[in-house]
Amino acid sequence: MRFGPVRPADAEGALLGHSVKIGTVKLSKGHRLNPDDVAALAEADVTEVIVAVLEPDDLPEDEAASRIAAAIAPDHLRFSRAATGRVNIYATAAGLFVANRAVVDLLNRIDPTAAGLFVANRAVVDLLNRIDPAITLACLADHVAVEAGDMVATIKIIPLAVQQVLVEQAQALLRADRAFEVKPFTPRRAALVATELPSLKSQVMDKTRAVLTTRLLQSDSRLDSERRVAHTTEAVAAAIVEAASTHDLIIVFGASAVADPDDVIPAAIRRAGGVVEHVGMPVDPGNLLVLGRLGEIPVLGAPGCARSPRENGFDWILDRLLAGEWPSSEDITGFGVGGLLKEIPTRPQPREGIADKRAGPVELVVLAAGRASRMGPEGRHKLLAEFEGMPLVRRSVEAAIGAAPGRVTVVTGHREAEIQAALAGLSANFVSNPDYAGGMASSLIAGLSALDTGAGGMLVMLADMPGITSEHLAELIAAFEVESGRAVVRAVAGGQRGNPVILPKETFHAVRQLVGDVGARHIVERCGLPVIDVELGPAARLDLDTPEAILAAGGILKD
């Protein structure tokens with residue numbers, strides 16, 4: 001491929017390297033110039049265009065991305081249509097995203113320097129990305145729990161075209177060895193065995209059951225029974241044997257932490273006729289876990305940190321078991337790199353004294369960058385629809401300013417100039433999202449980047465929710481402050497989740513990792529922080545995506 005400037009007369013059949021506007025017509029980057037385009041360029045007195053001239057052995061970016069995607073085993077995966085050289089890959093089932101580890105030795109033989117660069121789970125993905133910088137494949141980290149619809153990987157061709165021989169190398173690699181897969185969760189019937197001591201309050205045991213029930217929901221597993229017994233080997237062993245007759249997963253919470261491979265829980269597994277496969281793990285929180293089995297039934301001795309909903313080593317083992325894997329001692333002892341090192345608020349003896357410091361103020365981010373793709377071919381922008389004589393976007397931003405003066409940022413993108421004109425004179429900050437077409441994640445990241453470094457939380461507000469008022473927003477902020485900024489606060493309507501939502505500072509790192517047209521729901525559900533629901537009524541679920549919805553809500557459409 002030859003890339004660079006040419007005269008329009010020499011550009012027929014080439015791909016535009018950059019967008020070009022001719023009068024009211026815009027030719028997009030990557031567009032293949034036809035004779036009419038060339039004539040229009042000449043008529044507009046364009047003397048030079050940047051193009052990519054393909055050689056006979058080159059493939060256009062979309063075709064190259066599609067061919068590479070087609071070489072990936074499609075089990076439990078959905079592939080988007082190629083656009084701008086990109087194919088996004090999504091999970092079609094809740095399960096565990098697993099990256100291939102099988103070719104580590106091959107990788108090290110191909111590139112002797114890779115031994116020092118290879119970390120954890122890259123294998124096939126690294127090999128593919130080292131074929132040529134033109135071809136890229138990015139995916140989630142190994143063994144991450146996903147839900148149906150979550151993006152798990154993306155293929156992107158960097159230039160406008162790539163040599164066919166390089167694409168064929170990528171295809172061969174992906175066909176020879178699976179780069180990644182989604183292993184669906186298998187629902188289990190779980191039994192909880194909990195031991196009692198005078199020092200353990202019954203309220204703690206009740207909360208443990210509730211947290212475990214929630215943990216099992218993602219896999220459609222259910223907690224069928226709970227038995228509370230004395231903290232003795234004999235009592236726990238008897239409960240395990242009884243549970244094994246009607247359940248296929250047994251989880252034991254001890255009133256006292258495991259201190260030795262012969263302590264109550266591992267001893268009880270052996271007394272019941274089972275096998276203890278591993279005690280302890282290099283993941284903190286989660287060190288004091290016990291993994292055993294009774295026949296083919298997993299028996300998990302849960303660490304005390306698993307009483308909290310926050311992510312810990314127990315989640316890592318439980319997810320693997322629910323996805324049909326059985327972690328070996330070698331697997332578990334390999335968890336040390338990336339071993340969490342997160343404090344659990346409910347830890348009885350924190351690693352260090354933590355000052356009871358309140359979070360910084362909440363800052364509001366109004367998302368107003370989207371393309372409004374469901375508004376139909378007329379191209380009307382829903383945020384410019386008028387409610388009581390005021391554009392919807394202005395109504396939303398004024399509500400935000402009323403709740404938090406001086407702390408509002410508006411993210412713009414699609415038809416940016418018109419949106420900003422509708423907001424003229426308002427005391428809000430503006431941040432432009434040039435990648436708005438890629439989906440909501442880029443707008444969330446853009447809004448986050450504009451926050452003050454001292455912000456304790458980000459209230460994310462959609463600009464197309466006419467029922468949300470300053471009073472609603474103030475109610476959410478008050479709930480956040482009651483929790484000292486250590487909880488997610490979410491608007492609900494009749495108990496059903498809605499918007500807006502306040503994300504604590506602790507989630508900001510996860511927000512920065514979002515990709516594609518996804519919001520923060522997965523972060524809310526997996527961050528391990530308490531989630532406080534604030535009932536706002538129907539306003540929390542009224543967002544306007546279609547002309548019919550706008551008219552039904554009392555709006556007037558504008559061009």
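Guide: A nonpolar core is a set of buried Ala, Val, Leu, Ile, Met, Phe, Trp, Tyr and Cys residues that are joined through side-chain atoms within 4.5 Å. The model shown here is a predicted one, and its largest nonpolar core has 69 residues, with V397 and L473 having the most contacts inside it. The largest share of this core, 7 residues, comes from helix 11, which spans residues 392–403.

Visitor: With which residues is L473 in contact, leaving aside its neighbours within four places in sequence?

Guide: With those neighbours left out, L473 is in contact with L364, A399, A400, A403, L459, M461, I468 and P500. There is also a second, separate core of 36 residues, which includes A71, A99, I135 and V162. As a general background, nonpolar side chains tend to be buried together in soluble globular proteins.

Visitor: What makes F387 count as buried?

Guide: The cut-off for buried is under 20% relative accessible area, and F387 has 4% relative accessibility, so F387 counts as buried. This residue is placed in strand 22, residues 386–387, and, leaving aside neighbours within four places in sequence, F387 is in contact with L392, R395, P466, L544, I550, A553, G554 and G555.

Visitor: Why is E242 called partly exposed?

Guide: Partly exposed covers what lies between the limits of under 20% for buried and over 50% for exposed, and E242, at 47% relative accessibility, therefore counts as partly exposed. E242 is in helix 7, residues 233–244, and its C-alpha atom is separated by 41 Å from that of P74, which is 168 residues apart from E242 along the chain.

Visitor: How do you know the orientation of helix 2 and helix 5 to each other?

Guide: The axes of helix 2 (residues 61–70) and helix 5 (residues 164–176) come within 8 Å and cross at roughly 20°. Angles under 35 degrees count as roughly parallel, and helix 2 and helix 5 are therefore roughly parallel to each other. Their crossing is right-handed, and the contact is made by A64, R67 and I68 of helix 2 together with Q164, V167, A170, Q171 and L174 of helix 5.

Visitor: Is Q171 buried or exposed?

Guide: Q171 has a relative accessible area of 9%, and since buried means under 20%, Q171 is buried. Its place is in helix 5, and, leaving aside its neighbours within four places in sequence, Q171 is in contact with R67, I68 and A71.

Visitor: Why is D220 called exposed?

Guide: Exposed means over 50% relative accessible area, and D220, at 64% relative accessibility, therefore counts as exposed. D220 lies in the loop between helix 6 and strand 16, and its phi is near 60°, a positive value in a residue other than glycine. R415 also has a positive phi, of about 50°, although it is not a glycine, but R415 is partly exposed, with a relative accessible area of 21%.

Visitor: Which residues does a cis peptide bond join?

Guide: A cis peptide bond joins D284 and P285, with omega about 5°, and P285 is placed in the loop between strand 18 and strand 19. Another cis peptide bond joins N499 and P500, also with omega about 5°, and P500 is found in strand 28, residues 496–504.

Terms used
Residues numbered from 1 in each chain as written. Predicted model: local features only at pLDDT ≥ 70, side-chain atom pairs only at ≥ 80, totals over all residues. Heavy atoms only, no water. Buried < 20%, exposed > 50% of the residue type's maximum accessible area, 1.4 Å probe, protein only. Helix = DSSP H or I, 4+ residues; strand = E, 2+ residues; numbered from the N terminus. Contact = heavy atoms within 4.5 Å. Axes fitted to C-alpha atoms, helices over the stretch in contact; angles between N-to-C directions. Parallel < 35°, antiparallel > 145°, perpendicular 65-115°, else oblique. Left-handed = near helix turned anticlockwise from the far one by under 90°.
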